[in-house]
Amino acid sequence: MSPPPTDTPQELLGLRHRIDALDRELLDLLNRRAGLALAVGEIKKKEGSVVFRPEREAQVIDGLKSVNPGPLKTESVAPIWREIMSACRALETPTRVAYLGPAGTFSEEAALGFFGSSIVRVPCASIEEVFRSTSAGVADFGVVPVENSTEGTVRNALDIFLTTPLFIIGETSLFVRHNLLRQTNSLDGIEAVCAHPQALAQCHEWLSMHLPQAERRPVSSNAEGARLAGQDVRLAGIASARAASEYGVHVVAPAIQDDAHNRTRFAIVTDPHRHPAPKSSGHDCTSLVVSVVNRPGAMYDILAPLKKHGVSMTRLESRPARSGQWEYYFFIDLQGHPDQPAVQTAMQELRESCAFFKVLGTYPIDVH
């Protein structure tokens with residue numbers, strides 16, 4: 001048998017040269033875009049306006065998606081342009097983002113997916129610390145998990161929203177693929193599995209079937225579980241493949257989550273005194289938390305203004321008020337922006353019927 005040819009075909013060489021030329025052209029265009037971004041930044045400084053406008057970035061990405069001719073997939077447009085805009089933003093001022101750390105958590109992945117990689121990372125030991133760091137100005141923005149498609153709401157995050165001065169200016173969701181991680185590439189001898197309580201719950205069936213005798217040990221984050229697993233052969237962690245690489249451990253079993261389509265929704269929070277609420281982007285969500293007096297028809301009083309003015313409610317979640325009186329807070333997501341007359345009127349009528357009413361934020365959503 002003759003050896004395979006070692007020379008690269010001329011047709012392939014020609015295509016590579018064309019790609020190299022286009023790459024240089026793209027780099028030139030990106031630098032020209034960065035120059036324009038710097039000019040915009042100078043105007044913003046004079047006006048005293050903020051660098052990051054989530055509604056503007058959402059409009060840019062939606063506009064590009066709508067005119068994408070292919071063959072580049074439309075879902076690839078957003079992550080590419082978020083990185084471009086992140087790099088341009090970093091030329092104006094560094095964006096500090098707090099999230100549940102350490103390195104390798106899904107929260108870090110969500111932060112990078114929303115803001116791009118040109119940020120100053122502020123890993124925090126707990127969700128509570130994410131709120132505190134952002135409130136104190138250590139970070140410009142915080143990224144907190146609020147809901148999982150398998151386990152429902154992240155309760156302590158919702159409870160903090162009742163009292164925090166921060167509000168939501170964006171959201172992002174992440175496909176969560178849980179992996180069992182360990183020093184050695186074997187299931188034998190695992191005495192405890194360390195992970196965030198949500199991850200342990202999301203992998204309940206797999207753990208019951210494959211590691212029924214192992215202790216399920218809650219820790220502050222999945223990345224912390226991966227770190228501990230890297231230090232003790234008796235331990236395993238549940239975390240992302242990025243965490244496995246970060247802490248030098250084996251992926252003993254991939255994708256052990258009970259729900260193959262497991263996703264987590266994250267809220268992007270900031271201080272309203274330092275960052276204004278986003279203006280309408282055309283595709284927005286308004287999040288509220290309300291409570292009503294415990295009386296007959298109280299739930300109807302919440303829903304009636306929305307139906308009357310044609311405002312869609314996309315989420316309704318209840319949390320006990322801990323008053324001992326069987327009272328509840330209701331977390332509500334509305335489709336639309338308060339700048340829209342129907343939404344504004346419905347919210348005003350809803351406010352009048354509530355004992356407690358708080359707008360958690362208004363922000364653009366991805367409709368594609």
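The model is a predicted one, in which local features need pLDDT of at least 70, side-chain atom pairs count only at pLDDT 80 or more, and totals for chains, interfaces and linings use all residues. Residues are numbered from 1 along each chain as its sequence is written, and side-chain values use heavy atoms, with hydrogens and water left out. Helices (H or I, at least four residues) and strands (E, at least two) are DSSP runs, numbered from the N terminus.

**Helix α5**

- In α5 (residues 127–136), I127, V130, F131, S133 and T134 are buried, that is, under 20% relative accessible area, with exposed meaning over 50% and partly exposed in between (1.4 Å probe, protein chains only).
- These buried residues line one face of the helix, because they fall within an arc of 165° seen down the axis of α5; the arc is that of the directions from the helix axis to the C-beta atoms.
- R132 and A136 are exposed on the face turned away from the buried side of α5.
- The cover over the buried residues of α5 includes β1 (96–100), β2 (120–124), β3 (141–148), α6 (155–161) and β11 (263–270).

**Nonpolar cores**

- A nonpolar core is a set of buried Ala, Val, Leu, Ile, Met, Phe, Trp, Tyr and Cys residues joined through side-chain atoms within 4.5 Å.
- The largest such core has 26 residues, and those with the most contacts inside it are I127, F131, V144, F161, I168 and F331.
- Helix α6 gives the largest share of this core, four residues.
- Another core, of 18 residues, lies apart from it and has F106, V143, L174 and V176 among its members.

**Strand β12**

- Eight of the eight residues of β12 (residues 284–291) are buried, so the strand is largely enclosed by the rest of the structure.
- D284, T286, L288 and V290 point one way from β12, while C285, S287, V289 and S291 point the other way.
- Strand β12 pairs with β15 (residues 356–364) in the antiparallel sense over eight bridges; two strands pair if DSSP finds at least two bridges between them.
- D284 stands opposite P364 in β15.
- Strand β12 also pairs with β14 (residues 328–335), in the antiparallel sense over seven bridges, and Y329 in β14 is the bridge partner of S291.

**Open sheet**

- Five strands form an open sheet of mixed pairing, in the order β8-β7-β9-β6-β10.
- Strands β8 (215–218) and β10 (250–253) stand at the edges with a single partner strand each, so one side of each is left without a neighbour in the sheet.
- Three bridges join the antiparallel strands β6 (residues 179–182) and β9 (residues 235–239), and L181 has G237 in β9 as its bridge partner.

Methods
Contact means heavy atoms within 4.5 Å.
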